[in-house]
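I opened the notebook today to look through a two-chain model, one topic at a time. Here is the structure I had on screen.

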Amino acid sequence: MTVESTAARKPRRSAGGKAGTTGSKRSTTGTKSTTRTATGKARGTETELVQLLTPEGERVKNAEFDPYVAGITDDELRGLYRDMVLTRRFDAEATALQRQGELGLWASLLGQEAAQIGSGRATREDDYVFPTYREHGVAWCRGVDPTNLLGMFRGVNNGGWDPNSNNFHLYTIVIGSQALHATGYAMGVAKDGADSAVIAYFGDGASSQGDVAEAFTFSAVYNAPVVFFCQNNQWAISEPTEKQTRVPLYQRAQGYGFPGVRVDGNDVLACLAVTKWALERARRGEGPTLVEAFTYRMGAHTTSDDPSRYRGDDERAAWEAKDPIARLRTYIESQTDTNEGFFAELEEESEALGRRVREVVRAMPDPDRFAIFENAYADGHALVDEERAQFAAYQASFADVEEGNQR
Amino acid sequence: MTAEKMALAKAINESLRTALENDPKVLVMGEDVGKLGGVFRVTDGLQKDFGEGRVIDTPLAESGIVGTAIGLALRGYRPVVEIQFDGFVFPAYDQIVTQLAKMHARSLGKVKLPVVVRIPYGGGIGAVEHHSESPEALFAHVAGLKVVSPSDANDAYWMMQQAIQSDDPVIFFEPKRRYWDKAEVSREAIPDPLHKARVVREGTDLTLVAYGPMVKLCQEVASAAAEEGKSLEVLDLRSVSPLDFDAIQASVEKTRRLVVVHEAPVFFGSGAEIAARITERCFYHLEAPVLRVGGYHAPYPPARLEEDYLPDLDRVLDAVDRSLAY
């Protein structure tokens, strides 16, 4: 059982011992890739990639991870497809809204739908998710209304949802910080004797942060039920993964004493299976896991970024051939009894979602100016009260003038 | 139990013990807080009585300590974390400033982070580098944090109780050179509110304002000045954020002169904020400019020089004389 047939999809620059060189950067053949066959630990420097669905939509057997998707129904497969399509549509709408001046910024997840939907759908309702700022697909899986994600990008708030409503924490912009919050939360879960699990999302860039390293240490030492889900999308704004690491990221886990797995991040089935496996380990009290979802950021880092300054179109084109949505569609069309009606209806639903997002964002009001002072403290603060009163008096001085003019 | 004489460090220990007993969600975390009882023994015996699950020896990583405490607070716990020394807090500064201070506002009030960060601070104990600093202004500058510092054992006991009960994050600066000073601790006294200043000595000629380790010094200064016929009022601020400007104003309107004393560098220190605001509030009452006594704009010196760096009796008296000379 191998994945040789996927030579074109082998990791771009992950060959052990060659990391950091540029010679293998564009290579599609020089990298050794094999399926994982046993428990999570990385062996040697050989790079391994879990893949259940090839870019051509062919199912690949995997003894270790097949059981985690063995019972998947046709409806569930269509559900995963629907999740990815709607997430992509939402994302495209948000990008458009930024271009139209409705949002100040947008961080697109284009290309990372499988990593996010696969892992997001692996979570249980009582699990807790700590995202970065790009986990729009995970938010979707957690039932967070996508329009809630847009408030901070429009500039009307700094996080517009109640984290505890969906066990989906606020977006974290300073990268890597949330890995520690997830670890602490997981320590609390363990103290409570609960069998929930926690999942922390971060990227290849954040893997360089000390907070991520400290989260690995704390989670290992306390055997915390947390899954570290690293979406290696190959680029931290303009810096390629070679600028972050000399070894494949998943192999870092070994040094901390817990398993690390690299999964094809554009394969929703593999992401679902591997994340389920990791979450179940956590629930059983077996501690943390690092999952590296090997994927690609098809768009810019954010709408303020210009990828043409640092990467070529050929690279993007190579990854386009591994599109997560296309391969699942091929699989669904060949393996399930799904008629054209499903896809047509989904297209309509998708457009309806785009319309709704557009309408909600355009109608989103600016906050009351006194919101500046709201919630600075939970128990209040004398200086905040004093400055609020000064601000109110200052604002009122304009009102007097306006009223005076009217009279 | 009524009143008992105990050292300041012991009072904090007793306060943590009380909190651990009263609320199963309270946790104590930090480096060496378990078997060792902390390098100053402030957590002595707590792990033995409450177990490793509630009094937690952590890896030596300050950002990790505060970051995981945030996660535990999100889960409903009330962590009290110890930063071993003032100069060691900076690896955690990002978690404190960027995450701990802002989470309540970012969540539009949905999330509360009742985390207490204990920091033994200040000099005067002959320590090596990074063990004698006073970084309170760096935290008071950040909205979302509350910053307090007790000056005696009774306040240490009660202010720790109040800090743990606070739904806001509190940076709790412990005056390490006063850890061994004993005072009566009453378990039944109704404590002052956490952020209220207290007049510890009444006077009519000049107000000395201090907090933490400098309160005792200012009391000594007032005694020395009294021998020269000068009546100084001493105000223990207790809280650096929020600052009790009303109490300072009330005192200055009476005495018309103000000297602020802290170990931290004068430049951009809490004394600067107090001077600016009191000048604004008491402009027509002041007989002299507000003066400040504190550390210099230089790295904290080697221990053999710290007596020259720290405010002492003579330096504060000198400032008092300068103020009275106007």
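My entries on the model follow.

**Ground rules.** I am working with a predicted model, in which local features need pLDDT of at least 70, side-chain atom pairs count only at pLDDT 80 or more, and totals for chains, interfaces and linings use all residues. Residues are numbered from 1 along each chain as its sequence is written, while chains are lettered from A and ligands numbered from 1 in the order in which they are written.

**Chain A overview.** I counted 13 helices and seven strands in chain A; helices (H or I, at least four residues) and strands (E, at least two) are DSSP runs, numbered from the N terminus. Of the 407 residues in chain A, 49% are buried, a term for residues with 20 or more other C-beta atoms within 10 Å of their own, where 12 or fewer would be exposed and anything in between partly exposed, with C-beta atoms placed from the backbone. I also looked at contacts, meaning pairs whose C-beta atoms, placed from the backbone, lie within 7 Å. In chain A, 75% of the contacts with a separation of 6 or more join residues 24 or more positions apart.

**Records.** For residues 82-351 of chain A, UniProt gives "domain: Dehydrogenase E1 component" in an unreviewed entry. I found the end C-alpha atoms of that span 13 Å apart, with 46% helix and 11% strand. For residues 6-181 of chain B, UniProt lists "domain: Transketolase-like pyrimidine-binding", also from an unreviewed entry. The end C-alpha atoms there lie 8 Å apart, and the span is 36% helix and 17% strand. I note that UniProt annotations may be inferred rather than shown by experiment.

**A:N266.** Where does A:N266 sit? I found A:N266 in the loop between strand 6 (260-264) and helix 9 of chain A. Is A:N266 buried or exposed? A:N266 is buried, because 30 other C-beta atoms lie within 10 Å. Leaving aside neighbours within four places in sequence, A:N266 touches A:A114, A:T295, A:K322, A:D323 and A:P324. A:T54 is 212 residues away from A:N266 in sequence, yet the two are 9.2 Å apart in space, C-alpha to C-alpha.

**A sheet in chain B.** I traced five strands of chain B in an open sheet, in the order 9-11-10-13-14, with mixed pairing; two strands pair if DSSP finds at least two bridges between them. Strand 9 (198-201) and strand 14 (291-295) of chain B each have a single partner strand, so one side of each is left without a neighbour in the sheet. The twist averages 25° from one strand to the next. Strand 13 (residues 258-265) of chain B runs parallel to strand 14 of chain B, and four bridges join them. B:V261 has B:V293 as its bridge partner in strand 14 of chain B.

**Core.** The largest nonpolar core has 191 residues, and B:V259 and A:V198 are among those with the most contacts inside it; such a core is a set of buried Ala, Val, Leu, Ile, Met, Phe, Trp, Tyr and Cys residues joined through C-beta atoms within 7 Å. Helix 9 (residues 268-283) of chain A gives the largest share of this core, 11 residues.

**Interface.** How many residues of chain A are in contact with chain B? I found 34, which meet 35 residues of chain B. Helix 6 of chain A gives the largest share of the chain A side, 11 residues.

Definitions and conventions. Axes fitted to C-alpha atoms, helices over the stretch in contact; angles between N-to-C directions. Contact = placed C-beta atoms within 7 Å.
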